[in-house]
Amino acid sequence: MSRQHIPLKDITIGIKGWTAKVIVEAKGMSRSSQRSPVKYQRMILRDSEGTKVQATIFESDIDKFSDVLTLYKTYYISNAVVKSILPQHRIAKNDYQWHINSKTVVEEVTEEYSSISVPTYNFVSFSEFSKYINSDAYVDIIGVVIHAYPPREIPTVNGPQKIQELLLVDQELIPKILTMWDQFIENECAAIVKNIKTKPIIAAYRIRIVSFNDGSMSTKGSSTFVINPDIPEATKLRSWCIDNKGQLEQLTLKKSYVGSSSSAIKAPPSHEIIEQTTFWLQAKISIPHSNQKYWYMACNKCYRRTNIDYKQTFDCVHCAEKQSTAMPRCLLEVQLSDKTGALIATLFGENAEKFICCSAETLMQNSTEVFHISNLFYLFISKIIGIISLL
């Protein structure tokens, strides 16, 4: 039967005896914290007014709720622990988060009294990826997985890290690579690979678009996945897959996801790869595409990305520095080329500013918002690139 409940917007620290009616809009698999072995599972809950809250379950409580809090189902929830959440940790527009534990009461709402609609999504098509390359924007995508590549280890600024790449296509028959990092390989990717012969459909939320292969996808810590979701977009895509089975097989065999430039330097066999070291290169530097972000907001101590506003002080979760300041930092994708071929590289900080003859603060001031770049900014950048090409 229907129960008394209050809107999520009214649930704050100190409110007692509340009950909320929410639908599970997104739910990740359990994983371990980066800085400790503590396991957690995160989800997004939404009420009928559209307000969302981030909820987390820890350790042994994860098993307790494994058969409840199912995606797209509606529940009455009470007695969760309400805590404030720092801006850099938010994945829902809410100043508060919930910790669901053994004392939390969760009761499924029968269909008769479930008045909260299943979420609708604004999936970004693969042909639109160029708008989001190396930006701060997160996107939601849906696609069919037609191939999985073996896991491998790559060098990064934070040391060796494990990745696994999946080949996806959408209804435009555009193949794109999705790179899964670290624990996503052990959890979500393992589940996808297990069903790879069926060509599973995945909906991915909060994904970043990077410049590799003219725009590919990469997971972030807050990314979530649903395999074969029960939503209209997935039903339509499954029907399309059946009608285009032959073309999907050809895409896999041709490896047509690889960049079209014939001058691109191909990776050597694994036994010929030299251990990570430093080289000097003599090459021509050019800007392969102008629709880049060119800067990002960073901690002024460790230079890692942050969502904190310009010149605001904060405690950095990456370098553990107190009173760090959010400052723009230049980031520029370039192409290095000589008579043997070409490769893509990334310039950061002062090196990028020297090449583009412009400071990160000037770039920031000439762009409109964090997630959107105006036509005037493109004109500003075009003038800079035009000057560089004349040098």
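**Aromatic rings and their partners**

Let me begin with a charge over a ring: Arg329 lies over the face of Tyr303, at 4.3 Å from the ring centre. Please bear in mind that this is a predicted model. A further arrangement of this kind involves Arg208, whose charged end sits over the ring of Tyr138, 4.3 Å from the centre of that ring.

I now turn to contacts between rings. A pair of aromatic rings is described by the distance of the centres and the angle of the planes. Searching the whole structure gives 6 aromatic pairs. One of them joins Trp18 and Trp98; the ring centres are 4.8 Å apart and the planes stand at 35°, so this pair is tilted. Trp18 belongs to the segment before strand 1 (19–27), while Trp98 is in strand 7 (residues 96–100), so the pair ties together parts that are 80 residues apart in sequence. Trp18 and Trp98 are both buried.

The next pair is formed by Tyr121 and Tyr205, and it is tilted, with 4.8 Å from centre to centre and 35° between the planes. Where do Tyr121 and Tyr205 lie? Tyr121 is found in the loop between strand 8 (105–108) and strand 9 (139–148), and Tyr205 in strand 13 (residues 201–210), so parts that are 84 residues apart in sequence are tied together by the pair.

As to burial, Tyr121 has a relative accessible area of 15% and is therefore buried, given that buried means under 20%. Tyr205 likewise counts as buried, at 6% relative accessibility. Finally, Tyr121 and Tyr205 belong with Phe123 to a cluster linked by ring pairs.

Technical notes:
Residues numbered from 1 in each chain as written. Predicted model: local features only at pLDDT ≥ 70, side-chain atom pairs only at ≥ 80, totals over all residues. Heavy atoms only, no water. Phe/Tyr/Trp six-rings, centres within 6.5 Å; stacked < 30°, edge-to-face > 60°. Helix = DSSP H or I, 4+ residues; strand = E, 2+ residues; numbered from the N terminus. Buried < 20%, exposed > 50% of the residue type's maximum accessible area, 1.4 Å probe, protein only. Lys NZ or Arg CZ within 6 Å of the ring centre and 35° of its normal.
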